[in-house]
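Here is a briefing on one protein chain.

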Amino acid sequence: MSLHIIQGVAVEDSGTGPAVVCVHGLGGTSNTWTSLQTAFEGFRLIRVDLPGCGRSAGDTKDISVQDMVNCLQTICRTLSIETAQWLGHSMGTIVCQHLAQASPALVKSLLLFGPLLAPADAAREALRQRATKVRQGGIAGLQEVTDALLVSAVSSHTKSHSPAALAFVRESLMRQTPQSYADYCLALAQVKAADVEHIAAPALLITGDEDLVSPPAAVQAMARRMPRARSLVLHRCGHWTPVEKPHECVRETREFLKRNA
């Protein structure tokens, strides 16, 4: 595996074959995808820590989803990637949709976990309030937000039967810097939905039956708007799909990538 630092952004590059690029969500890092490692055999795997997340540097003040798209385009140019299959989680699914709209030739397929078009109005206000709490409270504010998300963002089954998955989600959230986490909350609070009706790439949208961010009905409706999309609901699963249901996600990822290689 090679680690590239591209304009301050940490990018892991491993394996050989057709390219697959993974984009994490709010509170995530490239390690969101570690549990799916065996699904990427036979592919060149690119895992990105978005600016200000994980090991990546970068000023995230006033960051937008368009800035994230620009970052991914720069990474692909630098690594000579002309087309790839894209995996996204949560916020990363929104970024991938906007990338597919802006650079359709770059996006061969979309595999989206916990997908959403854009936050609803109530969620936008909650994100703004979350940003204020974290900015004012610093590390203590981030811990308070994390504890609240652990109640709502993972399934009851994960909480009772997968303590390591629960610990991973807590660690991922609490390892963010308060400033960058707040900045990403504000980016999500103002994002507009991509024009998904014009995304021609094949897509698989996976959510959990206990996902409150990407509830099944909303994900199924989203898939119907996309010309070549289908949806899948995993049982006893919340919003951190790849972490909560790794075996099921490995199976679906392996099949989807091979089918669209």
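**Serine 90 and its surroundings**

Beyond its neighbours within four places in sequence, serine 90 is in contact (heavy atoms within 4.5 Å) with Gly25, Phe113, Gly114, Leu116 and His239. This is a predicted model, in which local features need pLDDT of at least 70, side-chain atom pairs count only at pLDDT 80 or more, and totals for chains, interfaces and linings use all residues. Residues are numbered from 1 along each chain as its sequence is written, and side-chain values use heavy atoms, leaving out hydrogens and water.

- Serine 90 sits in the loop between strand S5 (84-89) and helix H2 (91-102). Helices (H or I, at least four residues) and strands (E, at least two) are DSSP runs, numbered from the N terminus.
- Serine 90 counts as buried because its relative accessibility is 11%. Buried means under 20% relative accessible area, exposed over 50%, and partly exposed in between (1.4 Å probe, protein chains only).

**Whole chain**
- The protein chain holds 9 helices and 8 strands.
- The C-alpha trace spans about 45 × 40 × 35 Å along its principal axes.
- Of the 261 residues, 56% are buried.
- Among contacts between residues at least 6 apart in sequence, 75% join residues at least 24 apart.

**Helix H6**
- Helix H6 covers residues 178-190, and its end C-alpha atoms are 19 Å apart. At 1.5 Å a residue, its 13 residues should span 18 Å, so the two values agree. The expected span is 1.5 Å times one less than the number of residues.
- H6 is largely enclosed by the rest of the structure, because 10 of its 13 residues are buried.
- The buried residues of H6 include Pro178, Tyr181, Asp183, Tyr184 and Cys185.
- Their cover includes helix H1 (65-78), H2, helix H3 (121-152) and helix H5 (163-174).

**Aspartate 62**
- Aspartate 62 lies in the loop between strand S4 (44-48) and H1.
- Its relative accessibility is 60%, so aspartate 62 counts as exposed.
- Aspartate 62 and leucine 3 are 59 residues apart in sequence and 27 Å apart in space, C-alpha to C-alpha.
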